[in-house]
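I opened this notebook to record what I looked up in the structure. The entries follow in the order in which I made them.

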Amino acid sequence: VVYTQSEILQREVYLFERLDSPNREPMKHLKAICFLRPTKENVELLVQELRRPKYSVYFIYFSNVISKSDVKALAEADEQEVVAEVQEFYGDYIAVNPHVFSLNLLGCCRGRSWDPAQLARTTQGLTALLLSLKKCPMIRYQLSSEPAKRLAECVKQVITKEYELFDFRRTEVPPLLLILDRSDDAITPLLNQWTYQAMVHELLGINNNRIDLSRVPGISKDLREVVLSAENDEFYANNMYLNFAEIGTNIKNLMEDFQRRKPKEQQKLESIADMKAFVENYPQFKKMSGTVSKHVTVVGELSRLVAERNLLEVSEVEQELACQSDHSSALQSVRRVLQSPRVTELDAARVVMLYALRYERHASNGLPALLDELRARGGSDRYRKLVSAVVEYGGKRARGSDLFGPKDAVAITKQFLKGLKGIENVYTQHQPLLQETLDQLIKGKLKDSQYPYLGPNTLRDRPQDIVVFLIGGATYEEALAVYNLNRSNPGVRVVLGGTTIHNTRR
């Protein structure tokens, strides 16, 4: 995620091995750099390695705080004195975008409480993030969520215990860590997306920047798995937050630019200078050709899926469910989707889930009939069960905030005007709850009664450095909202993290 193999090769690192891979050959002429999480298993593997070292010298880096007893165990194993240094290099999380991180944890809670192992892992990931950003924050959490309070307390404990590590130069306004719970907004991860990065994750799935294209009809061997990373792909960096329609145009421009630069097939390489020019331009051309074929394939596959699964129509219904409140029209729209033969089982279930969350307590709720229709489609009972599970997870009883419906007349008028101004398009009218929460936080209006501080101190000024963490996973739609907030509020820096990055399937 952080470094390409070719970048590492440029640093003269020629061999990559996992510490737990069996039958590694001894290579005493090589030095070893070990980068690991400080887990019991890893320390044990290192102890085994140091007892029978395969390389001449070891430089050991741990991605988080390591206990004194573990360091002692390593020292005792190092009888041949091959360890040159041991350091803590805080990177115990996955850097997804410049302002987004993930812990790659799926399913962190059992019911409404933490799985203890996952709570420990999340605490480690979050404290490592704070150490790498050199922040010792004040902590606020969502009061309605027991897991949010537990995590806040665990992070605070580590900061207190490791106070020397967290002794950073004080800033005028202390940084703030805000801990939220995914169950407050179960709508966002269920919606189809129309900006490039979010759409790729929704329809194809992004896993540590890799995309599996092996199911694409007629795909060539070298495109079965591609890497999408804004760090070393300029087109992706410039387009990841744009709408699908704009990307189509940009792909066309990229193709045309590529055609212009293509070395002519019949180019006469007569002089040495011709050959030299050809050789110099070839790597750039090759790189561009890789970028073009990758994005043309990805965008082509997205278009195919949108057409095949009738996603424009489905998405319009999803947005209506998420953003408007006309029950009878919504019910008709959901029925229409359920009756369309082109709509997949997942998309049918997704629309029913959104309806269930939206009109859970409506007087003429039509959910039982919709569930019957879902079953009549040949839908397995699994999806019916999932609908009730989603309501249990993110329904009215579970939420601490008012996910739907403005609270007063002013807000209603504001929403009405926003609708009149002509939303840029019907498919992107939804705004995640996180956007409103952060907006209020930046303006200093987030209620202490709903998001209390941990401990006696409170922040007098508006926060400038904000880390917001979502227990149960963030989404790329929220990443886009944070990206826009950072752009429109100079002087405020928001970093978004989650136990994972969700799409509907996850």
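Predicted model: local features only at pLDDT ≥ 70, side-chain atom pairs only at ≥ 80, totals over all residues.

Residues are numbered from 1 along each chain as its sequence is written, and side-chain values use heavy atoms, leaving out hydrogens and water.

Entry on asparagine 64. I located it in the loop between strand 2 (57–62) and helix 3 (68–77); helices (H or I, at least four residues) and strands (E, at least two) are DSSP runs numbered from the N terminus. Its side chain is joined to that of aspartate 92 by a polar contact of 2.8 Å. Such a contact is a pair of N or O atoms within 3.5 Å; within protein, one must be able to donate a hydrogen and the other to accept it, and residues adjacent in sequence count only if both atoms are side-chain atoms. Beyond neighbours within four places in sequence, I found asparagine 64 in contact (heavy atoms within 4.5 Å) with residues including Pro38, Glu88, Tyr90 and Gln124.

Entry on positive phi. Most residues other than glycine have a negative phi. I recorded a phi near 65° for glutamate 12, which lies in the loop between helix 1 and strand 1. Glutamate 12 is exposed, as its relative accessible area is 59%. Glutamate 81 has a phi near 50° and sits in the loop between helix 3 and strand 3 (83–88). Glutamate 81 counts as exposed because its relative accessibility is 68%.

Entry on helix 10. I checked the length of helix 10 (residues 311–323): its 13 residues should span 18 Å at 1.5 Å a residue, and its end C-alpha atoms are 18 Å apart, so the two agree. The expected span is 1.5 Å times one less than the number of residues. Among its buried residues I listed Leu311, Val314, Val317 and Leu321. The cover over the buried residues of helix 10 includes helix 6 (196–203), helix 9 (272–308), helix 11 (327–339) and helix 12 (345–358).

Terms used:
Buried < 20%, exposed > 50% of the residue type's maximum accessible area, 1.4 Å probe, protein only.
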